[in-house]
Amino acid sequence: MIDNSNISEVLNIISKTVSKFEKPAVSVVADRDPFKVLIATILSARTKDEVTIVASRKLFSAADNPYDMLKLGEEKISELIYPVGFYRNKAKAIIQVCKELIEKYNGKVPDSMEELLKLKDVGRKTANLVLVLGFDKLGICVDTHVHRITNRWGYVKTKTPEETEMELRKKLPIKHWKEINELLVSFGQHICKPVKPLCNTCPIEKFCPKIEVKTGKVKK
Ligand code: SF4
């Protein structure tokens with residue numbers, strides 16, 4: 001079982017394990033810049049990391065702030081970010097968020113959860129990532145990897161990523177809040193995969209109850 005008696009040990013082992021893998025796409029391309037975190041997170045939805053990385057770099061070399069992004073226009077943004085998934089919709093979303101940033105926030109990304117959530121299409125996952133990676137503030141970004149893995153551990157027992165975030169906010173020691181997303185995204189991409197997790201070679205297998213993996217249900 002993984003609980004607060006061993007969570008630090010488990011995350012420490014995972015940290016060493018994932019240090020040999022490339023970091024998740026948004027961490028790689030965003031340079032701790034809140035605007036880049038926001039835009040790269042939009043690009044990363046339902047898109048492979050390697051595609052997100054190339055597309056983000058191309059886009060940011062053409063525009064790295066909301067004013068220049070608007071000057072590029074939707075058509076050019078679509079062209080630059082192709083072939084990320086839903087590239088046309090994402091180009092629209094980028095234009096929309098840039099307009100909001102200019103009209104309501106003087107061209108700056110706001111640094112509070114409350115204000116970030118007012119931006120169109122920005123949910124808690126993105127807002128937390130902007131706070132953590134862009135502003136070095138406390139947040140717990142729960143994506144599908146964090147949700148799946150912490151449930152497999154029995155550390156939480158939840159149905160949605162939002163519920164998982166709320167449980168983690170109650171239970172996870174604060175010192176792990178900022179790091180948990182980066183660690184578990186990488187761990188989930190390479191080891192505790194959605195389908196066929198590599199339990200036989202997993203470095204934390206001895207701690208893990210493999211909930212729903214054991215029963216064959218395999219929580220994705
Ligand atoms: S033992 Fe299996 S289910 Fe548990 S963390 Fe490792 S890969 Fe995931």
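**Close-up views of the predicted model**

**Figure 1. Surroundings of Pro24.** Beyond the residues up to four places away in sequence, Pro24 touches Asp49, Glu182, Val185 and Ser186, where contact means heavy atoms within 4.5 Å. The model is predicted: local features require pLDDT of at least 70 and side-chain atom pairs count only at pLDDT 80 or more, whereas totals for chains, interfaces and linings use all residues. Residues are numbered from 1 along each chain as its sequence is written, and side-chain values use heavy atoms, with hydrogens and water left out. Pro24 belongs to the loop between helix H1 (7–18) and H2; helices (H or I, at least four residues) and strands (E, at least two) are DSSP runs numbered from the N terminus. With a relative accessibility of 8%, Pro24 counts as buried. The term buried denotes under 20% relative accessible area, exposed over 50%, and partly exposed the range in between (1.4 Å probe, protein chains only). Although 160 residues separate Pro24 from Leu184 in sequence, their C-alpha atoms are 9.7 Å apart in space.

Figure 2. A nonpolar core is a set of buried Ala, Val, Leu, Ile, Met, Phe, Trp, Tyr and Cys residues joined through side-chain atoms within 4.5 Å. The largest such core comprises 41 residues, and those with the most contacts inside it are Leu59, Met69 and Ile94. Two or more residues each come from helix H2 (25–29), helix H3 (34–44), helix H4 (49–62), helix H5 (66–81), helix H6 (87–105), helix H7 (113–116) and helix H8 (124–135). The greatest contribution to this core, eight residues, is made by H6. Apart from neighbours within four places in sequence, Ile94 is in contact with Ile39, Ile42, Leu43, Leu59, Met69 and Ile77. A second, separate core contains 26 residues, among them Val18, Leu183, Phe187 and Cys202. In soluble globular proteins, nonpolar side chains tend to be buried together.

**Figure 3. Glu100, a buried residue of helix H6.** The relative accessible area of Glu100 is 7%. Gly188 lies 88 residues from Glu100 along the chain, and the C-alpha atoms of the two are separated by 34 Å.

**Figure 4. The loop between H5 and H6, with Pro83 and Phe86.** The peptide bond leading from Tyr82 to Pro83 is cis, and its omega is near 10°. Within this loop, Phe86 has a positive phi of about 55°, although Phe86 is not a glycine. Phe86 counts as partly exposed at 46% relative accessibility.

**Figure 5. Cys141 in the loop between H8 and helix H9 (144–152).** Cys141 is buried, at 3% relative accessibility. Residues up to four places away in sequence aside, its contacts are Lys125, Asn128, Leu129, Val146 and Asn181. Ser15 is 126 residues from Cys141 along the chain, with 17 Å between their C-alpha atoms.

**Figure 6. Glu212 in the segment after helix H11 (177–190).** Glu212 is not a glycine, yet has a positive phi of about 70°. With a relative accessible area of 27%, Glu212 is partly exposed.

**Figure 7. The protein chain as the setting for the close-up views.** The protein chain has eleven helices and zero strands. Its radius of gyration, taken over C-alpha atoms, is 18 Å, close to the 17 Å that the globule rule gives for 220 residues, so the chain is as compact as a globular protein of that length. The globule rule is 2.2 Å times the number of residues to the power 0.38. Taken along the principal axes, the box filled by the C-alpha atoms is roughly 55 × 30 × 30 Å. Of the 220 residues, 50% count as buried. Among contacts with a separation of 6 or more, 62% are between residues 24 or more positions apart. The accessible surface comes to about 11100 Å², and 52% of that area belongs to carbon and sulfur atoms; the areas come from the Shrake-Rupley method with a 1.4 Å probe, and for residues only the protein chains shown count as cover.
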